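Dear colleague,

Please find below the structure that I am handing over to you, together with its sequence. My notes on the chains and their contacts come after it.

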Amino acid sequence: MPLGPDALPAQDKRRFARGFMPAVWLGLLVLAGWAMPLAESLWQWVAPDARQLVYQRATFFTLLGRHTLTVGLAAAITVSTGIAAGIAVTRAPGRDFMPLVAQLASLGQTFPPVAVLALAVPALGFGLLPIVVALSLYGLLPVVRNTIAGLQGVDAAAITAARAMGMTAGQRLWRVELPLAAPIILAGVRTSITVNIATAALGATVGASNLGDPIIAGIVNGNTAYVLQGALMIALLALGVDSLLSVWQRHMWRT
Amino acid sequence: MIELYNVSKRFGDTLAVDDISFTVPEGKFCALVGTSGCGKSTTLRMINRLTAHTGGEIVLDGQAINAYDPVQLRRRIGYAIQDTGLFPHWNVARNIATVPRLLKWPAGRVRQRVDELMQMLGLPAAEFASKYPHQLSGGQAQRVGVARALAADPYMLLMDEPFGALDPITRETLQTMLSGLQARLHKTVVLVTHDMDEALRLADHLVVMREGKIVQQGSPLALLQKPESEFVNALLGGLERGLKQASLTRVRDHMTPLGAMLPAHSRIPDRYTLRQALSVMLRDHCERVTVVDQHDVPVGELSLRKLVKKARPEKDDASGS
Amino acid sequence: MQPCPNRVLLSLAVAMLAALWGLDAVSVAPNRIVAGTGYPLWQAFGWPGAGLATLLPVVMAVLATYPVRHRDAALLAVSVLLLALMPFGLMLAAHGWIKPGMPQARLSLGPACWTVLFLLSLCLVELRLKMRLARSAMALWLAGVAGVWWLCAALWLEPLALVQEFQARSALFYRALGEHLALVGVAVGTSIVLGIATALLIRRFSVCQPAAFALLNFLQTVPSLALFGLLLAPLAWLGANVEWLAALGVSGIGWTPALLALTIYSLLPVVRNTCIALEAVNPAVLDAASGMGMRPAQRFWQVRLPLALPVLLEGVRITTVQAIGLTAVAALIGAGGLGDFIFQGLGQAAMDMVLLGALPIIAMALIADALLGALADIFRREAIRQGDAL
């Protein structure tokens, strides 16, 4: 691409625009949640035969709240344990466990979330718990993998310098290693959360109410309008959170 | 003052450093030279306990280094390396402030110290303070590395091939800057290098290592005049030893007053070394040059005959100038 | 001689002992709906069985602590032995707890057994990495263990819940397995062809690359469940109004929307990895190829593509594993497959039926992952070999 005199302002403009993307998506999400019952004519066109056009059993904001709670709980578990595990296996005492954990991280991704969910139900019963456990397990792997990759990718000279400056092990970790690995760790968190927002819809099949409810109800009753309503909300939520995390990632420390 | 007594380092079955002893008095500049893998970097890293020594004793400021807490010890020793090891997520000012902040200096004092160091190292604060390491050239990054090493006014300075990755011109500029700093600050410095010219130029004391052992140590001049082995001779440049010796002496110490003869056409500044003077003579096909001071005013002259005679330095030159 | 203890296996062995003694080993239920009663190790297997089950992890712990000759091989042998002995333990438990007068009664693996199975698989992973065993060697060991389990299950383990579930619907099971494999195969096959073609088009018209990736990324944020559901209406309409499509079997529910959604979902990883793979080829190599006088087409087919193949296969691997999982979801729209058992089981609260669906899906995913990984390894080695020959 030729770099003209206008290249830089244009780039700045694009960056500025990108900073607004989360607000745009999340705004659309709120708008959709509010306007859903008002757009009857649209649903009429989508599902001409349906008796009821808008999902009624709970408001979309309630479902959205439950969905966010489910994914948030799973993300909290995933991020705390995943990063802790990644840190543990990159320290001297835990290094023996590194190959096993790394291998496990790649192997775990092969477990289909439906199957994990199905296995969690016999152990934990129906409701919120199995879906949170399934999402945590499924989301753990990108976080662990990226934490390990991020910490291992820190420039060896920077670590040597940190030691030679007289930083303690804790200071090295918090002031040098984690900040330097942070963009990569955050990328893993982003993957994990975005995938889980979509996957959480499966919770509706095991009695955990969330934005998957309209989808399941729509499939069962052959009502496309319901499906579309649930899918729209989930997609907007995923795009909003994804762009939010991507803005954060870009603003981290790289200039 | 740093003293090493019969220090060894064993990695598994190999002896990386084998029974070495040397002393660097307060405010002196010592260079460890040798081919790669001779144990010079390991020796350096044992001084700030990045690597633990397995035998002998290292004494810093009158106390064995094992008696210090390693973290406290390292905060008293500046350390600069070839890869700079600058923290990429911190700007220049924050990088320089690393050790003062670890020592919990008050913010105002830290800021003042950073400004002072940036000026000392020729990095205008207005331009560089908020730049990030990836925005710096190799030479600038290395200046920041040295500033960071000096930040908390350490007891001594360790440098591991700090200029090894720089182009020759930048390297020379930084060497000049370093010797200027050393003249001002009188730090005890241990420098590891494989560049013999750099070592001869900067050091008061040379330690030549080979396969973990010290093969010879002494002042640059002593080594140049009397290499004890073919290895040291080769390291000192063999046939070019004469030139290296000439590069240890400055023109201003050996010029003669301006005579009755017309001043020679070629001019050289009085801070040049005899080696540079010889080079100018060869370039200009003349046997006589005019020596000028920093204001370009002729202050003396130097002839080839005089140069050849004086290039064999007298005793009082042995301390280096 | 290893000088230091293998702390990984030591902790795994200790965890195994804790699980064996702290959790229920088996559970027995009078029929398929009622929740079972759990029994601890010593009650389930009797004291001799409990002793043996304890002895083996203790041996592992000791082996892991003290340096003995061929330590890793010995540990591998003990792990495999423990895996192979487990069905015999279950037979003991069945003999003890299932009375002949209770034809409906069934035995399930308790949390202790599941935990030990999981920990043992971790041991095998660790040992494989430590001993640098080839995939094929490990596969051979596991095939042996699987054979023992299969034999026991088929011949003597009738009271085991999973076996009962299977025997009650074995014909259905094989059909579901076939449907599952067919759906995955067709969807992945189609998306490989389409995906590579798309990737090549994107490379040719690089202007639309951001837009194409944005679209594919957006499609991935739509939950698979919703994508299946959204295809219901348009396909139902097509099936009702376009005769030749109806003749082909297109309809709102069933395999058509499933196949379509699976294919759409599989496109992204294929396209992305193809693009990455083709871009990642060392430019110096491509320069050299041009320098030797290769035409662009020759350069693509003889240099770029073979070198990109391993990364491309990585995309196929991700796609396949993902499709195996997603096909289970497709059961919700009547596409059949093993997901049927999962959702029917969840509906009837019959957890053994859920297992009958979930376990084969996980096994399929792991096998596909291993096979395609091995294939990528072969191509990688081949590429290096050719590179050496050059």
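Predicted model: local features only at pLDDT ≥ 70, side-chain atom pairs only at ≥ 80, totals over all residues.

Contacts between chains. Two pairs of chains are in contact, and the pair formed by chains A and C shares the most contacts. Chains B and C, by contrast, do not touch, and 13 Å separates their nearest C-alpha atoms.

The interface of chains A and B. Here 15 residues of chain A are in contact with 18 residues of chain B. On the side of chain A that touches chain B, at least two residues come from each of helix H7 (156-164) and helix H8 (169-199) of chain A. The most is given by H7(A), which contributes six residues to that side. By residue class, the side of chain A that touches chain B comprises 10 nonpolar residues, four polar residues and one charged residue.

Chain C. This chain has 390 residues, of which 39% are buried. Its secondary structure consists of 15 helices and three strands. The C-alpha trace of chain C spans about 75 × 65 × 30 Å along its principal axes. Among the contacts in chain C with a separation of 6 or more, 73% are accounted for by residues 24 or more positions apart.

With kind regards

Terms used. Residues numbered from 1 in each chain as written. Chains lettered and ligands numbered in written order. Contact = placed C-beta atoms within 7 Å. Helix = DSSP H or I, 4+ residues; strand = E, 2+ residues; numbered from the N terminus. Nonpolar A, V, L, I, M, F, W, Y, C, P; charged D, E, K, R; others polar. Buried ≥ 20, exposed ≤ 12 C-beta atoms within 10 Å, placed from the backbone.
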